[in-house]
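Here is a set of questions and answers for a first look at a structure. Please have the sequence and the 3D view open while reading.

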2 protein chains.
Amino acid sequence: MSCSTESSPQSLDREVELRARVAISKVVEPLDRVLTPVILEHGPVGAWDRIRHNAGGRFDRCAARVADLDVDRVLAVAERLGIRILLPGDDEWPSGLDELACPPACLWVKGSEHLAHGTVRSVAIVGARSATPYGVQVAQELGHGLASRGFTVVSGAAFGIDVAAHRGAIVADRPTVAAMAGGVDRPYPAAHTNLLEEIVEHGAVISESPPGASPQRQRFLARNRLIAAITPGTVVVEAGLRSGSLNTARHAEALCRVVAAVPGSVYSPTSAGCHALVRDGRAVLVTDAAECAELLGEIGADLAPVQRGEVRVRDDLPEIPRRIFDALTVHQSTSVDRLTRSAGLSASEVLRGLGHLQLRGMAERKDNGWRRQAPDG
Amino acid sequence: MSCSTESSPQSLDREVELRARVAISKVVEPLDRVLTPVILEHGPVGAWDRIRHNAGGRFDRCAARVADLDVDRVLAVAERLGIRILLPGDDEWPSGLDELACPPACLWVKGSEHLAHGTVRSVAIVGARSATPYGVQVAQELGHGLASRGFTVVSGAAFGIDVAAHRGAIVADRPTVAAMAGGVDRPYPAAHTNLLEEIVEHGAVISESPPGASPQRQRFLARNRLIAAITPGTVVVEAGLRSGSLNTARHAEALCRVVAAVPGSVYSPTSAGCHALVRDGRAVLVTDAAECAELLGEIGADLAPVQRGEVRVRDDLPEIPRRIFDALTVHQSTSVDRLTRSAGLSASEVLRGLGHLQLRGMAERKDNGWRRQAPDG
């Protein structure tokens, strides 16, 4: 709110818009079906003018909150708590938010991370609160692995997957962003008060709801769309069939962001939502940070190493030596005559093939016959 | 071999073809790169003529085996062991085999199952020999569940996934088919001798290799293509990145069969092959028998139930009652005035919404305010 001390026409305009947006943020619930169209139609200043005067008696549902509102006091509280307010068009405003059908009126931010810069290369890691130890481990490793690769880890600071993802990034000493359903001054869950302080230090805690707002259910759903919008992709680590993280995945899908999901046991209810996403072709299956980075990062720059089994000695043998190698054993010698039968090859083919194997140290002559030298691979 | 007692021109033709195919089966390795084109070009009778006379000196690699061959003895052994021989065009010949670039010369079969009928509705369940207890459980449940739905379970009788899939079908008292790399008279692995006897009783043991043939590596790879070809789809339950079951999946893919894979822990090396298949878009993720049946069965007849989370009381509430419901608590009464503020609604909206909730038994008036009645879902 440094702008409140300036006085150019531009900054005056911003001040007017800031006050309108802060008022809307205080008075209107995110995604309110009646009020959102009014804001979209008239813009924040025009909409706020109508709302506070209850134009045409259409804004009764705001009346109680309008009566309580003191914008100066809200701004003073935010400043005292070290909370800054971002508006659309601000340098730090994450451009992904502009793609939302109902963007937030403003963003309340606590922490040093530059949100616009920090979310260019970022990833949402979300999942069930009732995560299993397996999911927690995966989330922490993904958080750590992606943070180490320069991705800002964005999540919701909830129990389970969220906190594990944040912690992974913190352990990697990289920024992480927590998007809250309530005000950024209201640690939720309370058990994560210290974590959220760490996140403020390492990155940022953000919210669409003003300081003091309680974390209501509707606000969680609205919060999920922010997580999906400010990141290029969302990874669902564990999700039951009712998990809120599937809501985040739906938002990511609607915004044409990358959606990825981590597999798990078919017997784990907290993996059922992930499996459904993959099965329905709505998410890519990912198993580690490298695969996530490949999906989310710069084309060509973040290629995951192709997972291969170990290469075995017989792999690059031509067909005939390979057939002979397979017909040999380690513990018993086999005659050339017998090899022609067991490998289905002519005597000259067997002799040439044995020469090939001998040169590579894969067969040795012993006891009037031949033995395999390399271990069967 | 009932045909050997008949004498119509047709059956004489078949007898000639049978003897040629049996000879080829004894002398030529499956998928032999030199000999297979000869068989495809000249047909079994013409090819066998060339091979046994070593025409143009091109068939040295068969000479030793040709010298050993006694077709009458082979036929007698097969008859004594209760092994029947199927040729292309026979009623019982699985038509899927005709789609192979290099179909087997003939099929050696032990067991009462009618192969052509039994494989119309069938599924290959394959996977790692070094399966985990998790994979074994999944394979057994899939085998049981698909067999119970009328699918013939086809697999390779190997340790791990294969045996679990067969056992699942046997427990369901339904036919199952084991495709062997060696002769159908050579139980492999030896530990599965009893299992294979049970499979002969419940279904069939089949092979492209003649009685007495040992299970060589090359024959396993050739066997895998038979498993893929005779079934409409292959389910990979667990597979390391080097698992032979990925070879079966590749054959199934090449034959335009359905390929499905079961997910597991990202830390399990025996699930890495399954995850790679799904990730690369080469297999559909499946988590239970119903989903497999839907993929493999008749369109419309085998639909898997859509997996849903439980439906909760608030799910079908209209927006306004839902916002009020979310703002209510179970343990403390909230005044209408307070609800207008916390839910962001007008007093009349709150009163109407409370009426709605009260009618549904989801809110009750108490202590000058309102409490939530249904549990938070």
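Q: In which sense do E10(B) and E11(B) pair, and over how many bridges?
A: The model is a predicted one. In it, B:Ala363 stands opposite B:Arg372 in E11(B). E10(B) and E11(B) pair in the antiparallel sense, over four bridges.

Q: Which residue in the hairpin of E10(B) and E11(B) takes a positive phi near 50°?
A: The hairpin has two residues between the strands. One with a positive phi is B:Asn368, in the loop between strand E10 (363–366) and strand E11 (369–372) of chain B, where phi is near 60°. The residue with a positive phi near 50° is B:Asp367.

Q: Is B:Asn368 buried or exposed?
A: Exposed means over 50% relative accessible area. B:Asn368 has 80% relative accessibility, so B:Asn368 counts as exposed.

Q: Where does B:Asp173 lie, and is B:Asp173 buried or exposed?
A: Most residues other than glycine have a negative phi. B:Asp173 is not a glycine, yet has a positive phi of about 60°. B:Asp173 lies in the loop between helix H7 (161–171) and E5 of chain B. Because its relative accessibility is 60%, B:Asp173 counts as exposed.

Q: What is the order of the nine strands in the open sheet of chain B?
A: The pairing in this sheet is mixed. Strand E1 (84–86) and strand E9 (284–285) of chain B stand at the edges, each with a single partner strand, so one side of each has no neighbour in the sheet. The order is E1-E2-E6-E5-E4-E3-E7-E8-E9.

Q: Which residue is the bridge partner of B:Ala260 in E9(B)?
A: Strand E8 (residues 258–261) of chain B and E9(B) run parallel and are joined by two bridges. In E9(B), the partner of B:Ala260 is B:Val284.

Q: Which residue of E7(B) stands opposite B:Ala124?
A: Strand E3 (residues 122–126) of chain B and E7(B) run parallel and are joined by three bridges. Opposite B:Ala124 stands B:Thr234.

Q: Which residues of strand E7 (residues 233–236) of chain B point one way and which the other way, and are they buried or exposed?
A: B:Gly233 and B:Val235 point one way, while B:Thr234 and B:Val236 point the other way. On both sides of E7(B), all of these residues are buried.

Q: Where does H2(B) bend, and by about how much?
A: A straight helix of 18 residues would span 26 Å, but helix H2 (residues 35–52) of chain B spans only 12 Å between its end C-alpha atoms. A proline, B:Pro44, follows the bend within four residues. The bend is at B:Gly43 and is about 120°.

Q: Which helices do the buried residues of H2(B) pack against?
A: The buried residues of H2(B) include B:Leu35, B:Val38, B:Ile39, B:Trp48 and B:Ile51. They pack against helix H1 (9–27) and helix H3 (60–68) of chain B.

Q: Which residue takes a positive phi just after H2(B)?
A: The value of this phi is about 45°. The residue is B:Asn54.

Q: Which residues does a cis peptide bond join in chain A?
A: Most peptide bonds are trans. Omega of the bond in question is about -5°, and A:Pro189 is found in the loop between E5 and helix H8 (193–202) of chain A. In chain B, a cis bond with omega of about -5° joins B:Tyr188 and B:Pro189. In chain A, the residues joined are A:Tyr188 and A:Pro189.

Q: At about what angle to E3(A) does helix H6 (residues 133–148) of chain A run?
A: H6 lies across strand E3 (122–126), E4 and strand E7 (233–236) of chain A. Its angle to E3(A) is about 175°.

Q: How many Å apart are the C-alpha centres of domain 1 and domain 3 of chain A?
A: Chain A is divided into domain 1 (2–74), domain 2 (95–296) and domain 3 (319–372). The centres of domain 1 and domain 3 lie apart by 86 Å.

Key. Residues numbered from 1 in each chain as written. Chains lettered and ligands numbered in written order. Predicted model: local features only at pLDDT ≥ 70, side-chain atom pairs only at ≥ 80, totals over all residues. Heavy atoms only, no water. Expected span 1.5 Å × (residues − 1). Bend = angle between axes of the 7 residues up to and from the residue. Buried < 20%, exposed > 50% of the residue type's maximum accessible area, 1.4 Å probe, protein only. Contact = heavy atoms within 4.5 Å. Axes fitted to C-alpha atoms, helices over the stretch in contact; angles between N-to-C directions. Domains from an automatic or database assignment. Pairing = 2+ DSSP bridges.
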